[in-house]
Amino acid sequence: DRAQERIDYALGIAEALVSPDALTRGFVIKSQIALGRGRPEESAAFLEHGLALALEHERWEQASRIYFHLSDRSFHRDRYVEALAYLAEALEITRRRGSRPGEWGVLAESTYALYMLGRWDEAVATFAQLPEDKLFTGTTLSLLDSVLQIALARGDLDESRRVLGLFAELESSADVQDRSGYLGAAAAIACAEDRLEDAAALGLEAIEISRDAFGVGSQGVKQGTLQALEALVGLGDRARAEKLLEEIEALKPGVRPPYLEAQAHRFRARLAGTDEGAEERFVAAASRFRELDLPFWLAVTLLEHGELTADESSLTEAREIFERLEARPWLERLGAVAPVRAEVPA
């Protein structure tokens with residue numbers, strides 16, 4: 001409320017003085033306030049008008065930052081193709097201005113969209129362009145939700161630990177965004193190491209510290225929720241898993257991130273086991289992941305559906321996706337359900 005009061009006062013002065021710099025900065029702050037209040041469309045509208053002003057008055061640094069913010073709003077709404085388009089505009093401006101740190105930040109951010117869209121080799125190649133000795137916090141945090149997760153899905157636990165180590169100082173950071181990003185990544189590694197109690201605690205803490213500050217669509221909340229649910233279901237802690245799912249399902253449709261909605265269907269199906277309704281939930285989750293163009297999570301859902309029903313079409317599609325992504329641990333798990341048939345010569 002104090003921020004709202006002060007920015008309204010500042011924007012009044014900026015309008016009176018016709019100051020494009022102050023106006024564009026003010027609209028970015030108004031956007032952040034709207035997002036914190038659960039109004040993603042209003043948040044995007046402030047950014048879009050701020051961008052129009054920045055471009056009109058050739059405030060290129062401001063325009064680049066607003067493109068970056070718009071990509072983040074697209075992340076919140078799980079629109080990853082749209083996010084990449086905004087980041088491409090930001091990258092062009094940062095390179096034209098000769099801002100190397102700005103370029104690194106945009107490239108790091110793009111790896112998250114590439115990961116979610118299943119363009120994993122591109123994400124890893126983009127990471128290779130970044131000087132690891134100059135990585136800084138804030139704008140490079142997405143690496144924890146992209147290349148680290150790719151390494152885990154491909155069975156390279158050592159690489160995932162190495163990437164986490166690049167951000168080791170964030171473990172005790174006072175910055176909420178930095179710490180939530182670290183906690184979510186640490187939870188993912190704990191899950192992979194079968195330290196499920198640790199994973200649940202880390203995931204729940206990531207949700208708690210980032211939800212109010214950055215909204216339920218933030219990467220900290222999404223990663224924390226995923227890892228906490230994975231750990232709680234693995235522990236057989238049905239009560240806490242149900243509570244977390246109920247929190248997702250209680251969100252209003254305009255606020256609930258589609259990704260979390262799909263994951264909620266998936267975990268509901270897993271909790272149902274062989275009970276009635278499990279197959280329907282798996283189908284709903286797969287349908288949502290397909291709509292969002294998130295191939296890895298679609299394949300995971302198809303595999304889990306196939307493990308329950310032995311549905312050959314689900315297992316076949318899952319295998320095709322995992323092979324393309326080189327997700328070896330998942331292919332091994334799939335092989336236990338549906339071994340690859342050896343071709344017999346005619």
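Me: Why does R65 count as partly exposed?
Reply: R65 has a relative accessibility of 42%, and the scale used here calls a residue buried under 20% relative accessible area, exposed over 50%, and partly exposed in between (1.4 Å probe, protein chains only). Since 42% falls in between, R65 counts as partly exposed. This is a predicted model, in which local features need pLDDT of at least 70 and side-chain atom pairs count only at pLDDT 80 or more, while totals for chains, interfaces and linings use all residues. Residues are numbered from 1 along each chain as its sequence is written, and side-chain values use heavy atoms, with hydrogens and water left out.

Me: What makes the meeting of the R65 and E61 side chains a salt bridge?
Reply: A salt bridge is a side-chain nitrogen of Lys or Arg within 4 Å of a carboxyl oxygen of Asp or Glu. For R65 and E61 the N to O value is 2.6 Å, which is within 4 Å, so the pair meets the rule. Side chains of opposite charge can pair when their charged atoms come close.

Me: Where do R65 and E61 lie?
Reply: Both lie in helix α4 (residues 60–76), 4 residues apart, about one turn of the helix. Helices (H or I, at least four residues) and strands (E, at least two) are DSSP runs, numbered from the N terminus. E61, with a relative accessible area of 37%, is partly exposed as well.

Me: Is E103 buried or exposed, and how do you know that?
Reply: The relative accessible area of E103 is 8%, which is under the cut-off for buried, so E103 is buried. Its side chain meets that of R95 in a salt bridge (2.9 Å, N to O), and R95, at 42%, is partly exposed.

Me: Why is Q263 called buried?
Reply: Q263 has a relative accessible area of 2%, so it falls under the limit for buried. Q263 lies in helix α14 (residues 258–272) and touches L226, F289 and W297, not counting residues up to four places away in sequence, where contact means heavy atoms within 4.5 Å.
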